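Thanks for coming, everyone; I would like to walk through some helix packing today. Please have a look at the model first.

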Amino acid sequence: MPPVIKSFGERIADVLVEDGLLTTTQVQELLDLQKKEGTRLLKLIIEKSYVSDVDMAVSMGRVLNVPPINLGRTAIPMDVAGLVPRDIMMNHRVMPVSKLDTKLFLAMADPLNILAIDDVKRITKLDVFPLIASEKSIADKLANLDTQGNRMEDIIQDAQRQAELEAEAANLEITKVAGDDINLDELTASTEEGPVIKLANLIIIQAIKDRASDIHIEPFEKVVRLRYRVDGALVDVVPPPKNLQIALMSRIKIMSNLNIAERRLPQDGRMRMRALGKDIDLRVSFLPTVHGEKCVLRILDKSNLSASVEKLGMDPESLRRFKSAVDAPHGLLLVTGPTGSGKTTTLYSALNELNNPDYNIITVEDPVEFQIPGINQVPVNKEIGLTFASSLRSILRQDPDIIMIGEIRDEETAEIAVEAALTGHQVLSTMHCNDAAGAIARLDDMGIAPFLISSAVILSCAQRLMRRICAVCKEPVTYPAKMYQDLGIDPRFFDGSTLHKGRGCDRCKNTGYAGRLAIIELMTVTDEIRKKVIERASAMEIGKVAVAQGMRTLRMVALDKVRDGTSTLEQTLVMTSGGH
């Protein structure tokens, strides 16, 4: 019998199993999925998040007999990086690492890409020796090289020198801030000056590199404060000079298509840019303050969207319940939590699961955060009377199958959402509540009849974003027994597990945390819960019934993340205070 010839993907899967990174069960599941969908095995492994980019690169290197390289810990001289044009590096996902005589060592995401090797050989006239690195590490290294030599301090010094020369020529004080009477021609010209353009670009690019979700530019009497919100916490960074305040704000307005002459009223806009190899949308808000306009830019990174609900990090039973509700033909699905807890991202993940030509999907949002091909998205505009309620009335006349409502805020929107769910539509929405059972009580407070709530709502979730321990400086930690007693946590829950924390390092800016993960409390509305809803039971009573039926509360899910070494006990207390 002839030997079975395995594909490249299967050979890598075997290596991953040998290294204990994949199980044989997972491989069989992937092979079955490959036959069903016709997708490459390597792509499926990455999509399922079974293996990290780095582990995948190492395993590919073993199969191909190509040495791996950790670009994050490799210093690349600028003269070596300059050997290959940037567009070639971007297109082929390659990065020159070092040069030795006539040899060029080239980090590649795909060492089998002969075209890339030939292009680099032709341009550099050198012999190319491939090394393997993850695609993400190459993109990150490219981004670092792009901003090398464009540090905030350097740009600020250039701007200060330019301001000093101009002030000396005009016999003005540098600390003087322009008043209400501004020459628009001069202001427009100042926004096109090199330091201002560089400063605006660098503020945004550095925020993206630092994984920030928001940029805050805040004017005070003598200084301007610049802060990034990273993993939910505001962090101070090197601020721009006060004398560039108005020019910088005007530059951001021009980038956002806003009125640079209007500084007395709030303004909202958005911009789109490609940075660090990613498409980035930014939502921009200006607010007048005593010392000038405060600007906040919300960074909407499409790469953060989960392609499927499997990547939301739920336990198997919660995932089964969630997918069952998402696949239901009609009903109301609610995701609750405070601002910035990832509710909209969870709904978009569900929409991605449902997005296909068989369905007419319409959303109404304030504002539209991510634009998704194949979905009709309606932005709310209160100034012209386009509210959630008025949009929903029109949407129901558009023959929809699935409707997503950005947020249920008032009785009118709640009534239409419940009515739509009861008339054969699938409705997804968010609400501001503390827990899953609280959403039921909130609808009751809005004046929706209990029998309608019990019939319409099929699922309610509560969500938080918990900070993840930095993988680089992760180390074991021991908590005193009294701490468990004071917090009402049974220490035996952690028997056989090692708890961890982050020591603090350069990668995580000495915080001990890098990234966040969702913790989700998921309540399926069963017959017993429907009875409690009709009886107008409190959220606490409804929650007790749900827990008895297998619901895992936010506190339970968070403690699981502590036990498996993903997060800390401190984060559990911060995210689930009150025992949720």
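Helices α17 and α21 are oblique to each other, a label for angles that are neither under 35 degrees (roughly parallel), nor over 145 (roughly antiparallel), nor 65 to 115 (roughly perpendicular). The axes of α17 (residues 436–445) and α21 (residues 539–548) come within 8 Å and cross at roughly 140°, where axes are lines fitted to C-alpha atoms over the stretch in contact and angles run from 0 to 180 degrees between N-to-C directions. This is a predicted model, in which local features need pLDDT of at least 70 and side-chain atom pairs pLDDT 80 or more, while totals for chains, interfaces and linings use all residues. Residues are numbered from 1 along each chain as its sequence is written, and side-chain values use heavy atoms, without hydrogens and water.

Taking contact as heavy atoms within 4.5 Å, Ala437, Gly438, Ile440 and Ala441 of α17 meet Ala539, Ile542 and Gly543 of α21.

For the protein chain as a whole, buried residues make up 47% of the 580 residues, and the secondary structure comes to 23 helices and 18 strands, which are DSSP runs of H or I with at least four residues and of E with at least two, numbered from the N terminus.

How values were computed
Buried means under 20% relative accessible area, exposed over 50%, partly exposed in between (1.4 Å probe, protein chains only).
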